[in-house]
Amino acid sequence: MTNHKETTEAAGHSRAQGRRTLLSRLAALAGALAPLALLPANRAAAKEIAQPRNPGPEAFMQGARKMKNLALATGDQGYGAVIVKDDRIVAHAPSRVVTNGDPTAHAEIEAIRAAARHLGTRDLSGCVLYGTSPACQMCETAAHWANIEAMVHGPSLTEAGRPRYRRC
């Protein structure tokens, strides 16, 4: 039989181990997020994502893949999206379904929300949505209501055309 002191020591050791694990995970997460943070010290790195040196479909899809990798690094589903207007990325987002506990926080919808905030309008006419995979019905419908001009998805840069209203 164990005494109270042994039980307390074991619990303390378990908590300390848990703290070390948590701290190492937070350090890894901070490393993954650092290039994306819009803090003054990281603006140059964030600017590189928002303004690729060689703008074009492949560069934009690479931005979406970076968002996918960020989603995976933070323990979320592996999806990422960017929204482009006039050959510039105006918004980017990873999937946040798991991390936010929000079933509507798909990467495409998070990017639409970010673009609307950034541009100061819900009308995203002239924008193209790049996603790492084909948009689900919910995301395509959201893109339709936001007036997204076209959607492109996947590693082969498949053009999905203008989003359509779909009954979810």
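Below are questions and answers on how parts of this model pack together.

Reply: This is a predicted model, in which local features need pLDDT of at least 70 and side-chain atom pairs count only at pLDDT 80 or more, while totals for chains, interfaces and linings use all residues. Residues are numbered from 1 along each chain as its sequence is written, and side-chain values use heavy atoms, with hydrogens and water left out.

Me: Are helix 5 and helix 6 roughly parallel or roughly antiparallel to each other?

Reply: Helices here are DSSP runs of H or I with at least four residues, and strands are runs of E with at least two, numbered from the N terminus. Axes are lines fitted to C-alpha atoms, for helices over the stretch in contact, and angles between N-to-C directions run from 0 to 180 degrees. Helix 5 (residues 107-119) packs against helix 6 (residues 137-145) at about 20 degrees, with the axes 9 Å apart. Angles under 35 degrees count as roughly parallel, over 145 as roughly antiparallel, 65 to 115 as roughly perpendicular and the rest as oblique, and the two helices are therefore roughly parallel.

Me: Which residues of helix 6 meet helix 5?

Reply: Contact means heavy atoms within 4.5 Å. From helix 5, the residues taking part are Glu108, Ile109 and Ile112, and their partners in helix 6 are Met138, Cys139, Ala142 and Ala143.

Me: Is Thr132 buried or exposed?

Reply: Thr132 lies in the loop between strand 3 and helix 6. Beyond its neighbours within four places in sequence, Thr132 is in contact with residues including Met61, Ala64 and Tyr79. Because its relative accessibility is 15%, Thr132 counts as buried.

Me: How many Å apart in space are Thr74 and Arg96, C-alpha to C-alpha?

Reply: Thr74 sits in the loop between helix 3 (57-73) and strand 1, and with a relative accessible area of 26% it is partly exposed. Thr74 and Arg96 are 22 residues apart in sequence, while in space their C-alpha to C-alpha distance is 8.9 Å.

Technical notes: Buried < 20%, exposed > 50% of the residue type's maximum accessible area, 1.4 Å probe, protein only.
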